[in-house]
Amino acid sequence: MKPSDPRLRALVYQAAALGAALLAAWFLISNTLENLEARNIASGFAFLGREAGFAIGETSLIAYSAADTYLKALAVGVANTFRVALIGIVAATVLGTLIGLARLSRNWLLAKLAAAYVEFVRNVPLLVQLFFWYALITEYLPLSRAALEPLPGVYLTNRGIFLPLPAAHPAHVWMFVALIAGAIAAFFFARWAARRRALAGGAPPVLEVALALVLIPPALAYLAAGAPAAIDVPRLSGFNFSGGMALTPEFAALAGGLVIYTAAFIAEIVRAGVLAVPYGQFEAAYALGLRRRLAMRLVVLPQALRVIVPPLTSQYLNLTKNSSLAVAIGYPDLVSIANTTINQTGQAVEGIAIIMAVYLAISLSISALMNWYNARMALTGR
Amino acid sequence: MATDPVFGRGETLISPISPSFRRQRGNWGLTPWLRANLFSSRLSAVTTLFIVYLLWQALPPLIDWAFLDAVWTAPDSKACRAASGKGACWAFVAEKHRFILFGTYPFEQHWRPALATVLLIALWALSALRACWKWWLALVWAGGLAVIGVLMWGGVFGLGYVENERWGGLILTLILTTFGLAFAFPLAVLLALARRSGMPVLRGLAVGFIELVRGVPLISLLFMASVMLPLFLPSGVAIDKLLRAQIALILFAAAYLAEAVRGGLQAIPPGQYEAADALGLSYWRKTLLIVLPQALRIAIPPLVNSFISFFKDTSLVLIIGLFDLLSTIKVALTEPAWSGFGVEAYLFAAIVYFLFCHAMSRYSQNLERELAKAEAGRRR
């Protein structure tokens, strides 16, 4: 190979880049090891087995006490992150879709209101919004004694939000099982109906039957268990409410802030997706004799979803990553508990590695899922 | 609104085509407009009435709170406490505005960060004018930043020295944003080129860095900068907190900007690369003369969007204890006399951030339209 051969040059460049990267990594790692030794910090994950010694405010998913290990404390943090992220994703999708469609409304007032919402919410940092909601809950909501009651059984106080909940009953498990069974039956019915329509024409009432299959079994299970009607209503005892479902101010502010912020971005994605379908597609679908619902489902939605789903998933990822701002208002998510752990043990490298590993695992698995979906939905070139 | 062959005349509330509320020819006057845009169908009329009812319920108390019953100036918080719950306490902002805007910078020297703030905003405004997109803009920036550095640090021309631990407020937010973007941008271009290059090692390193940074929350990078960076350095070498946070912000911005630049690179027709190769241009001449000028022009709108996100994200430095705009507001609230006025304080923060971000997003929309028009003109 001559010295001017591009292949040789590529090889040299790459070797140099790799060498520089390795050298930098070696420099950082050796410095870190030296510094840790100088500070008498033992590296490694042995500290995870030690007693954490701090209490956590929200442990609704995993039972935890201050006598448990750091490992368990971090598990509570991961569970809390998932809790706020899942609730946030569902609520933000619903709210965002509604606002996105409202921006397309022919009603001037509705469209302008939705546009103003999107414009204001997108242009204010999420952290400011979280602080605002937290301040609103803790400063402007009344004490428990004078709690606001916007709906019967729902109480708003500066100690949190309290909701009534059906009292625990064994029937709930059976209702859940019946719901899953019904959903599976509905799925197979829809597949059978699609195949039948393709073969024989005609339109079996898919939506109605599927809804019945999903809803009737849990209802039957409920009635079979004797229709337990007891509801656990929050009750004022002493200075605070007990019973029902309690949302702490931290959780309410974080979940509410994340939903309101992310919904503004989702609204824009939904709007762009609907507008991306050329109007001729509607007309063509009608010209072929498809009814409005079928035209929507078979022609318009698949094309809109191809535009909507990739940015939507990245918003879901953003919401999950943004839930780490919990540390600023005191909701015990993964980052906030890892931060406490780092402060107590001095194991900074390990603590940050745990945070990054968990978020990377979430991000990479969702991107992998996304790539698979994109490959399936990609337009096949003609 | 024109009659729509499929959806009829406003039977549905949602239109699958972007609704336009402009008046049609021969349809002047308020009544036809109202009928077309607010009462086009029964559903639309119900929606209008419902929204009007909600606004009727919500707006008067809100206006009372924010304006009519609000306390605008007060020497101490007594008047605010008296109006608590009924009227807003803007006196908090009035009383604390010096601290909120300038942090712990020496009080009698506040004109220096104020001048620096104005200068920095002027530099950004100048860069927004397309007529100024010339090579001398780089010189103007270099000169401007030097003047800002002199103003902030001092130590020459009779200005007293102020260490950067005492910088704070709006100027810190602007400095973090400006230097973050200035250093992140070249890094982002290199990362995007590496990611698109044919060399597997370079591509792997770039993909690894970009995906790692984009996969974790910014907070974890900031924690890393504040807790781990001191461990990374040989003993005896120390970097101050501001610089550490700035490094984390630069790496974070670089990963996101790199993806915007990559989008631009991907949008260039392959014929451009082939033509450059056919002319016998070397890689760097091809990149600098043919590829980047086109790719960056295409990438401008997503780049500006990334700039806006980055400006908002600088507020996270509060968590590692730097005194940016949001942080000074939070600290001002910790004074016992003024605690409990968080709603007003954060509303003020929201308005300041909104003004900056809204201006940038308006600008980006206009620019996008202009560039599209220029592109269409060239095609013709």
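User: Why are β3(A) and β8(A) called paired strands?

Analyst: Three bridges join β3(A) to strand β8 (residues 245–247) of chain A, and the two run antiparallel. Strands here are DSSP runs of E with at least two residues, while helices are runs of H or I with at least four, both numbered from the N terminus.

User: On what kind of model does this rest, and what confidence must a local feature reach?

Analyst: This is a predicted model, in which local features need pLDDT of at least 70 and side-chain atom pairs count only at pLDDT 80 or more, whereas totals for chains, interfaces and linings use all residues. Residues are numbered from 1 along each chain as its sequence is written, and chains are lettered from A and ligands numbered from 1 in the order in which they are written. The model scores ipTM 0.88 and pTM 0.86. For chain B, the mean pLDDT (the predictor's confidence in each residue, from 0 to 100) is 84, with 92% of the residues reaching 70 or more. Residues 1–5 of chain B have a pLDDT below 50, and beyond near neighbours in sequence this stretch has six contacts in the model.

User: What makes β1(A) and β8(A) the edges of the open sheet?

Analyst: The open sheet has four strands in the order β1-β2-β3-β8 (chain A), with antiparallel pairing. β1 (148–151) and β8 of chain A each have a single partner strand, so one side of each is left without a neighbour in the sheet, and both therefore stand at the edges. Neighbouring strands are turned by 20° against each other on average, direction ignored, with axes taken as lines fitted to C-alpha atoms and angles running from 0 to 180 degrees between N-to-C directions.

User: How do you know what span to expect for α5(A), and what do its end C-alpha atoms give?

Analyst: The expected span is 1.5 Å times one less than the number of residues, so the 30 residues of helix α5 (residues 171–200) of chain A should span 44 Å; the end C-alpha atoms are 42 Å apart, which agrees. A:Gly201, which follows α5(A), has a positive phi near 75°.

User: What makes up the contact between the chains, and how many residues does each supply?

Analyst: Chain A contributes 58 residues and chain B 55 residues, where two residues are in contact if their C-beta atoms, placed from the backbone, lie within 7 Å. On the side of chain A that touches chain B, α1(A) gives the most, with 13 residues.

How values were computed: Pairing = 2+ DSSP bridges.
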